[in-house]
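Colleague: Hi! Could you walk me through this one while I have it open?
Modeller: Happy to, here it is.
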Amino acid sequence: MTQENKWILAIKENELADGDKKALLLEGNKVLVLRIDGDFYAMSNKCPHMQCPLSKGTLEGYVIKCPCHDWKFDIRNGEFLDATEIKVPIYETSLMEGSVFVNMEGAGK
C-alpha cells in the first residue's frame, strides 16, 4: 500500500517576509512556517521538551530558540543542537503559483 502526499495550502508567498515566521493550524496540527533566504520551511510549533510554542522564540539564521528553556533547533532538519537524537518534526514545503503548500503526510505520528 502506498501513501499519498497530503499537501495543504499554508500561506501566500507574499504574506511572509524573508527572515520571518508564522504560526498556523493545519488540519489540527500546530505548524510553524518560516522563510529564510527566500526558501520556506515548516516544522511543528511545539518544542519536544515541554510543548512550548517555537513561534514565540527567536530566529537567527537557520536556528530557532525555544522561548521556555532556550533549546535551539535547526529549522532545516528539526535537530536539537545539543542532542541531535532529539528532533522537532519537520514538513516538506512547496511553492506553487505564489502559494506555499505543506506536506502534512505523517503529521501527528
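Modeller: Let's start with a strand pair in this predicted model: E2 (residues 20–26) and E3 run antiparallel and are joined by seven bridges.
Colleague: Nice. Which residue of E3 is the bridge partner of Leu-24?
Modeller: That's Val-31.
Colleague: And how many residues sit between E2 and E3?
Modeller: Two, and the strands form a hairpin. Glu-27, in the turn, has a positive phi of about 50°.
Colleague: Is Asn-29 buried or exposed?
Modeller: Buried, because its relative accessibility is 17% and the cut-off for buried is under 20%.
Colleague: Switching topic: which residues have the most contacts inside the largest nonpolar core?
Modeller: Leu-34, Met-43, Cys-47, Leu-54, Ile-64, Phe-73 and Ile-75, in a core of 17 residues. E3 and strand E4 (39–44) each supply at least two residues of this core, and E3 gives the most, with three.
Colleague: What is Ile-64 in contact with, leaving aside neighbours within four places in sequence?
Modeller: Quite a list: among them Lys-21, Leu-32, Leu-34, Met-43, Leu-54, Trp-71, Phe-73 and Ile-75.

Definitions and conventions: Residues numbered from 1 in each chain as written. Predicted model: local features only at pLDDT ≥ 70, side-chain atom pairs only at ≥ 80, totals over all residues. Heavy atoms only, no water. Buried < 20%, exposed > 50% of the residue type's maximum accessible area, 1.4 Å probe, protein only. Pairing = 2+ DSSP bridges. Helix = DSSP H or I, 4+ residues; strand = E, 2+ residues; numbered from the N terminus. Core = buried A, V, L, I, M, F, W, Y, C linked by side-chain atoms within 4.5 Å. Contact = heavy atoms within 4.5 Å.
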